[in-house]
Amino acid sequence: MKTLDARGLSCPEPVIMIRKAMTSKENVYEMLVDNQTSRENVTRYAEHQGYKVTVTENGEEYLLTMKK
């Protein structure tokens, strides 16, 4: 499982990070983001790639868990 830290980055950077990570074809990825737009865009991208996304909110940060 890969864990990516995209806190402090604005879109499209988190989407580009997850797209590059997904070239490894793993079944589970985690990504930390700290804004609503990144949460929505990364979730949408992962779902289009066939992943089920769960979001855990911790204050102003979100942990996105993407599983095949």
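**A guided tour from serine 38**

Begin by selecting serine 38, which lies in helix H2 (residues 36-48); helices (H or I, at least four residues) and strands (E, at least two) are DSSP runs, numbered from the N terminus. This is a predicted model, in which local features need pLDDT of at least 70 and side-chain atom pairs count only at pLDDT 80 or more, while totals for chains, interfaces and linings use all residues. Residues are numbered from 1 along each chain as its sequence is written, and side-chain values use heavy atoms, with hydrogens and water left out.

Serine 38 counts as buried because its relative accessibility is 0%; buried means under 20% relative accessible area, exposed over 50%, and partly exposed in between (1.4 Å probe, protein chains only). Next, display its surroundings: apart from neighbours within four places in sequence, serine 38 is in contact with Leu9, Cys11, Pro14 and Val33, where contact means heavy atoms within 4.5 Å.

Now select the whole of H2. In this helix, Ser38, Val42, Thr43, Tyr45 and Ala46 are buried. They cover an arc of only 165 degrees around the axis, so they lie on the same side of H2; the arc is that of the directions from the helix axis to the C-beta atoms. The buried residues of H2 pack against H1, S2, strand S3 (52-58) and strand S4 (61-67).

Move to the ends of H2. Asparagine 35 caps the N-terminal end, with a side-chain oxygen 3.4 Å from the backbone nitrogen of threonine 37. Just after the helix, select glycine 50, which takes a positive phi of about 95 degrees.

Continue to proline 12, found in the loop between strand S1 (2-5) and helix H1 (13-21).

The next stop is lysine 25, in the loop between H1 and strand S2 (28-33). Its phi is near 60 degrees, a positive value in a residue other than glycine. Lysine 25 counts as exposed because its relative accessibility is 68%.

Finally, show the entire chain. The protein has two helices and four strands, and from the N terminus on its elements run β-α-β-α-β-β. Along its principal axes, the C-alpha trace spans about 30 × 20 × 20 Å. Of the 68 residues, 32% count as buried. Among contacts between residues at least 6 apart in sequence, 60% join residues at least 24 apart.

Methods:
A polar contact is a pair of N or O atoms within 3.5 Å; within protein, one must be able to donate a hydrogen and the other to accept it, and residues adjacent in sequence count only if both atoms are side-chain atoms.
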